[in-house]
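Student: I am new to this structure and would like to study its fold step by step. May we begin once it is displayed?

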Amino acid sequence: CEIMYKWFSNDGDYILDPFAGGSVRGIVAASLGRNYKGIDLSETQVKANQEQYLDVCSRYNIENIPYWVNSDSEDYLKKEVYTDMSYDMVFTCPPYYNLEKYTKDENDLSNMPTYKDFIRKYAQILRYASMMLDDNRFFVIVVSEIRNPETGAYYGFVPDTIQILRECGLNYYNEVILENNIGSLPIRAPKYFDQSRKVGRHHQNILCFYKGDTKKISERYKKFFKGD
């Protein structure tokens, strides 16, 4: 999280997170001098984010205050997109369809009846977020693959996300692989592989898009590697 902010945003930048189902991106943004707004449908989650920030803030000197909004991102951004508000970076991690149920709200992405319904609402949220991103800025999203429980095949969530953001006019610019803790995967993987030839997965894809003229990147973003 810290690396993404340092690589793809500047001090004082305004960060938008339309899937704020955790406190980390907000707290790290605040600690690095960024102005963060996260939106999440779960009131319980938003309160937990705020409590965790206060706990961290009491132990460390963090001047910036992350701002979390309890709302449906689609409804909230649909209204905000027609205001003068804009952002210098979008950094988010969406729900992985129905792998985890977050609320009982019918508008919750994890409660969409089909993957197609999920993608339809998900795509609209990404479109609004990309519209609110200033030119010559980065859109970073963390995703992974999801299997169809009936067929065992991947839905194609990673390529679907890439296609949606390309259709929004963004340049697919970088991909970073986030390797998760391997945990018990070596113990579980042989059983699944023998039964179905499914390979164990312990990584997520950090997809990095750019909005605007890529030739202008060096004009806005400071030199990171100084060779020392």
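Tutor: Contact here means heavy atoms within 4.5 Å. Please also keep in mind that the model is predicted.

Student: Leaving aside its neighbours within four places in sequence, with which residues is Tyr 5 in contact?

Tutor: Neighbours of Tyr 5 within four places in sequence are left aside. Tyr 5 is also among the residues with the most contacts inside the largest nonpolar core, which has 61 residues. The contacts of Tyr 5 are Ile 15, Arg 25, Val 28, Ala 29, Leu 32, Arg 34, Tyr 36, Met 89 and Phe 91.

Student: Which element gives the most to this core?

Tutor: The residues with the most contacts inside the core include Tyr 122, Phe 139 and Phe 157. With 9 residues, the element that gives the most to the core is H5.

Student: Which residue in E7 is the bridge partner of Tyr 172?

Tutor: E6 and E7 pair in the antiparallel sense over 8 bridges. Within E7, the bridge partner of Tyr 172 is Phe 209.

Student: Is E7 largely enclosed or left open by the rest of the structure?

Tutor: A residue counts as buried under 20% relative accessible area. In E7, 8 of the 9 residues are buried, so the rest of the structure leaves this strand largely enclosed.

Student: How are H5 and H6 oriented to each other, roughly parallel or oblique?

Tutor: The two helices pack at an angle of about 40°, with their axes 10 Å apart. Angles under 35 degrees count as roughly parallel, and those from 65 to 115 as roughly perpendicular. H5 and H6 are therefore oblique.

Student: Which residues of H6 meet those of H5?

Tutor: The crossing of these two helices, H5 and H6, is right-handed. From H5 come Tyr 115, Phe 118, Ile 119, Tyr 122, Ala 123, Leu 126 and Arg 127. In H6 they meet Phe 157, Asp 160, Thr 161, Ile 164, Leu 165 and Glu 167.

Notes. Residues are numbered from 1 along each chain as its sequence is written. This is a predicted model: local features need pLDDT of at least 70, side-chain atom pairs count only at pLDDT 80 or more; totals for chains, interfaces and linings use all residues. Side-chain values use heavy atoms; hydrogens and water are left out. A nonpolar core is a set of buried Ala, Val, Leu, Ile, Met, Phe, Trp, Tyr and Cys residues joined through side-chain atoms within 4.5 Å. Buried means under 20% relative accessible area, exposed over 50%, partly exposed in between (1.4 Å probe, protein chains only). Helices (H or I, at least four residues) and strands (E, at least two) are DSSP runs, numbered from the N terminus. Axes are lines fitted to C-alpha atoms, for helices over the stretch in contact, and angles run from 0 to 180 degrees between N-to-C directions. Angles under 35 degrees count as roughly parallel, over 145 as roughly antiparallel, 65 to 115 as roughly perpendicular and the rest as oblique. A crossing is left-handed if the near helix is turned anticlockwise from the far one by less than a right angle, and right-handed if clockwise. Two strands pair if DSSP finds at least two bridges between them.
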